[in-house]
Structures are given as C-alpha cells and as structure tokens.
Amino acid sequence: MPRTKVYEAVTERLEILDTEGRVDAALMPEIDPSRTRDLYRDMVLMRTFDTKALKLQRQGRMGTWPPIKGQEAIQAGVALAMGDNDWLIPAFREHGIMVLRGVPLHLVFAYWAGDERGSSYPEEVRCFPVAVPVGSQWQHGTGVGLSLKLRDEDAVAVTFGGDGSTSEGDFHEAVNCAGVFGTKTVFVIQNNQWAISVPLHRQTAAETLAQKAHAYGIPGIQVDGNDVFAVYAAATEAIERTRRGEGPSLIEAVTYRLGDHTTADDASRYRSEEELEEWEGRDPILRLRRYLVEQGLWDDDQETVLLEEAASWVDGQVKALEEMEPQAPEEIFTSMYAALPPHVVEQMQSLLEEVRS
Ligand SMILES: Cc1ncc(C[n+]2csc(CCOP(=O)(O)OP(=O)(O)O)c2C)c(N)n1
Ligand SMILES: [Mg+2]
C-alpha cells in the first residue's frame, strides 16, 4: 500500500535586528522612534536592577537571585506587545517583564529576599506570583486563558518558561489542553540554552522547541530572542491572533543566560569561556544601542543621563525594600493557605513559641 502524507509542518525563524544594529527593513514592525527609545530604556533598567540584586545578595541583603542578564529583549519586546488587560503568568526569570507590567520592583526584591509579602501585588496588576516549581506555570497559563475565553474577556494570558521546563509533563499537558480548548494563551519559551548545568541537547532531540507546537495543533515560531524587534513582531502577531479568538500560540525565543543560574550557581564549572564570549557579542542591549545611534536617536549624553536615572530609581526601590516593616514569622504559614490545615497550625505554634522564648 502506498503511504499518503497526512501532515507536514514548517517551523519559521524570525530575525530582524542583527548584532551590528542593522535591521531587515522588509520585516521591521511599525514602531515609532520614541517607543524604540523606551524599549532601550526598559532593557537598561532591567540590566541595572539585575546587577544591583546580585550585589545585594553578595552583601547578605538578598536571599538569592536568578539573573536575567542577556534575556532583556524578550521581556521588553513581549511587554510592549501586551495590552493593559492581559495577564502575565511568569516562571522565575521574568522580573523584567513583571516590573514593566506594574509589579513594584521593591516587591520583586522582597520575594527574593525571602519575604512572603513580595508575592502580594497591587490589585490592578494582572500578574501571577513567581512560580519556582519548574513547568507548573504553563498549566496556570492554560487555565487563565480558558477562563478568559469562557468569560469572553478582551484579554489574553501570556505565560513564560524556560527550555528546561519543556521537558516537564506539565508543559505538554498545558499546550495540548490549550490547543484542544482553544484557550486565550500565548506560550513564550525563553530558550536560554541551559537548565542549570543541563544543556539544551539533553532536553530534546528535536531541532527546535517551536516545532513542539505543531504536535498540539497550534502555531509555533522561533525568534532570535536577543533581537527586540523580532520578539515584538512575533509577540504582537501571536497576541492579536489569540485576542481575536483564533486560539493559542507558542513562541520560542532563542537567547542565552549570560549570568549564573542563580547566586547559588557557578556556571564556569560547566560552560566554556568561548561560548560565553560568543553570546556576549550578541548582547541584546548593545545591539539595540547600535541601531539607535545609527539612526541618530541616541547619543552618549542620553546614555549618561539614562544610567544615572536608572541607578537612582533602583536605589529608591532598595530603600523601599529595606524600609518594609519586619515580616511576622507566622506569614510563612498564613500566606500559603486560605484555611490552615491542623498540622500546619501545630508547626506555626511551635515556631511562635520558639521565637518568643
Ligand atoms: C519541579 C522542579 N524540579 C526541579 C527544580 C530545580 N530547578 C530550578 S530551576 C531548574 C532549571 C530550569 O531550567 P529552565 O526551564 O531552562 O529555566 P532557566 O532557569 O534556564 O530560566 C531546576 C531544575 C524545580 N525548581 N522544580
Ligand atoms: Mg533555560
């Protein structure tokens, strides 16, 4: 019996801005110059607070911190593509977009300083708390997207995760379910090539992560994640499609974690210097600056002012963090449950006795 073709798929990759700051005019999304400068400011702000957080941790003023260095273009590009009513469902390396969506930076810092109140955002901020259990947030993204669909809300759920999380069953269940029920979810994979010390080729034998979308019947695209214009263009297309009610989609943004996994890691033990240097040359911030300078939209004076403003704003957020009233010890129990189970009540009482004695 001759075989018949039942399915064929093509996975596309989008690149617009190269490492020298040149753009492919035919692919360039419409975006006015002041917006482009804002994108740059957003990315520099992220780099500034990321660097500050690492120092705070080294000084014993922060519990731990997962750096976002190198991944700023994904977060700035997707943030710009999102609408006011859209929901963000982050994993744990999304501080940049969380802040752009309205989460106060001092609360992001508080979370990583071990303070439960750091997960309690102002009511109007449509953002879920950080999800450390790898992959769990994908399911929340599907759930929120289903709820938005059932309520016929003019909003989409944008959920993030890493390359490593695509090996979890949660990812496959979430994307499959989203496809079947046509939820209003956009999945964004920050493929930074590493899951702590495990490289991408140990996560999948597939050529790309984007192609996994095809197996679940939804569109998937790969973008250069260090190219803010490509991210913005792909995210806009995906979000608008989902907003129109045409179902979920998936974006694989290929990037690189320039820093350690967290402050508890030393990436030089498992990654080569050459690999790091190669990716430092593809720095998303450097690339956008080259473009802006080339277009006459940016100069050294503006850079100096921006760096000063960013540093002083971040310092203000550190001050706000350190001026928070001390956390009550029982918060670690009460913030977790609506109704405390008896064994937790017992633990809480034992802790309080300990603290008071
Ligand atoms: C269910 C679960 N297993 C293991 C861990 C420990 N862990 C924390 S982050 C991480 C790697 C995640 O890699 P990836 O999804 O690529 O995200 P990245 O850290 O690179 O942003 C692991 C294994 C965890 N937090 N949760
Ligand atoms: Mg990763």
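Start by selecting β3, helix α6 (residues 169–181) and β4: together they form a right-handed β-α-β unit. Helices (H or I, at least four residues) and strands (E, at least two) are DSSP runs numbered from the N terminus, and right-handed means that, with the strands pointing away from you, the path from the first strand over the helix to the second runs clockwise. A quick heads-up: this is a predicted model, where local features need pLDDT of at least 70 and side-chain atom pairs count only at pLDDT 80 or more, while totals for chains, interfaces and linings use all residues. Residues are numbered from 1 along each chain as its sequence is written, with chains lettered from A and ligands numbered from 1 in the order in which they are written.

Next, look at what flanks β4. β3 and β4 run parallel, joined by six bridges (strands pair if DSSP finds at least two bridges between them), and Phe160 sits opposite Val188 in β4. β4 also runs parallel to strand β8 (residues 249–254), again with six bridges; there, Val186 has Ser249 as its bridge partner.

Now select 185–191. Seven of the seven residues of β4 are buried, so the strand is largely enclosed by the rest of the structure. Buried means 20 or more other C-beta atoms within 10 Å of a residue's own, with C-beta atoms placed from the backbone. Thr185, Phe187, Ile189 and Asn191 point one way, and Val186, Val188 and Gln190 the other.

Last stop: ligand 1. Of the 16 residues around ligand 1 (C-beta, placed from the backbone, within 6 Å), Val134, Gly162, Gly164, Ser165 and Ala195 come nearest. β3 (157–162) and β5 (194–195) each supply at least two residues of that shell.

Conventions. A residue is buried if 20 or more other C-beta atoms lie within 10 Å of its own, exposed if 12 or fewer, and partly exposed in between; C-beta atoms are placed from the backbone.
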